[in-house]
Amino acid sequence: MAIARNPMTVIDCPDPQALAQFYASLLDWKVDPESDEGWATIGDGGGRELSFQRVESDYRAPDWPGQEVPQQLHIDVDVDDLDEAEAAVLELGATKHDHQPGQSFRVFLDPAGHPFCLVKPSAL
C-alpha cells in the first residue's frame, strides 16, 4: 500500500506569479485563483499540477548542468494522516527537518538530503 500519493513538483523562484503564468501559457494550463505573491499553482484540470514558491532573498538561478548553483525544487505528496505518514517515511530512511513552517504539512529530507513535504490536503 502506498504511503503517499499525488506528487507535486515545487520550483523555487523570485516571482511565483510570473513563472506560473509562463508555464500556464506554455502548457495551456490554468493558474489557481488562490495563488498569491509567495506561492502559485497551475493545473490541467485533470489532477496534474506544478507549483512555484517565492525565494525571499538572494535567489540565484540554477547553473545547470553545473553544480555551483544546483537545481532548486522539491516534491510535495498528499497523505491522509500526517502522523502515520511521518512514521512511515522515517522508517524508510527520511529525516524530519528542524524547520517546520506550517501546520498542514511537514518537511523531511530524503536519504540524499533533498527536501520533500507530506501534505494534508484541505477539504475543499
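**View 1. The salt bridge between Asp44 and Arg48.** In this predicted model, Asp44 counts as partly exposed, with a relative accessibility of 29%. Its partner in a salt bridge is Arg48, and the closest N and O atoms of the two residues are 2.7 Å apart. Arg48 is itself exposed, since its relative accessible area is 54% and the exposed class begins over 50%. Side chains of opposite charge can pair when their charged atoms come close.

View 2. Arg106 and Glu86 form a salt bridge in which the closest N and O atoms are 2.8 Å apart. Because Arg106 lies in strand S7 (residues 105-109) and Glu86 in helix H2, the pair ties together parts of the chain that are 20 residues apart in sequence. Arg106 counts as buried at 18% relative accessibility, and Glu86 counts as buried at 15%, the limit for this class being under 20%. Both residues belong to a network of salt bridges that links Asp83, Glu86, Lys96 and Arg106. The structure as a whole holds 5 salt bridges.

**View 3. The salt bridge between Arg5 and Asp80.** The side chains of Arg5 and Asp80 meet in a salt bridge, with a distance of 2.8 Å from N to O. This pair links distant parts of the chain, 75 residues apart, for Arg5 is in strand S1 (residues 5-13) whereas Asp80 is in the loop between strand S5 (73-78) and H2. Arg5 is partly exposed, with a relative accessible area of 37%, while Asp80 is exposed, with a relative accessible area of 55%.

View 4. Nine residues make up the largest nonpolar core, namely Val77, Val79, Leu82, Ala85, Val89, Ala94, Phe108, Phe116 and Leu118. Helix H2 (82-92) and strand S8 (115-119) are the elements that give two or more residues to this core, and H2 gives the most, with 3 residues. When neighbours within four places in sequence are left aside, Val77 is in contact with Ala4, Arg5, Asn6, Pro7, Cys117, Leu118 and Val119. A second, separate core has 8 residues, among them Cys13, Ala24, Trp29 and Leu50.

View 5. Phe22, Leu26 and Leu27 make a nonpolar surface patch of about 300 Å². Phe22 is found in helix H1 (residues 16-27), and this residue is partly exposed, with a relative accessible area of 48%.

Technical notes
Residues numbered from 1 in each chain as written. Predicted model: local features only at pLDDT ≥ 70, side-chain atom pairs only at ≥ 80, totals over all residues. Heavy atoms only, no water. Core = buried A, V, L, I, M, F, W, Y, C linked by side-chain atoms within 4.5 Å. Buried < 20%, exposed > 50% of the residue type's maximum accessible area, 1.4 Å probe, protein only. Helix = DSSP H or I, 4+ residues; strand = E, 2+ residues; numbered from the N terminus. Contact = heavy atoms within 4.5 Å. Patch = residues over 30% accessible without salt bridge, like charges linked within 9 Å, V, L, I, M, F, W, Y side chains within 5 Å. Areas by Shrake-Rupley, 256 points an atom, 1.4 Å probe, with all protein chains shown as cover. Salt bridge = Lys/Arg side-chain N within 4 Å of Asp/Glu carboxyl O.
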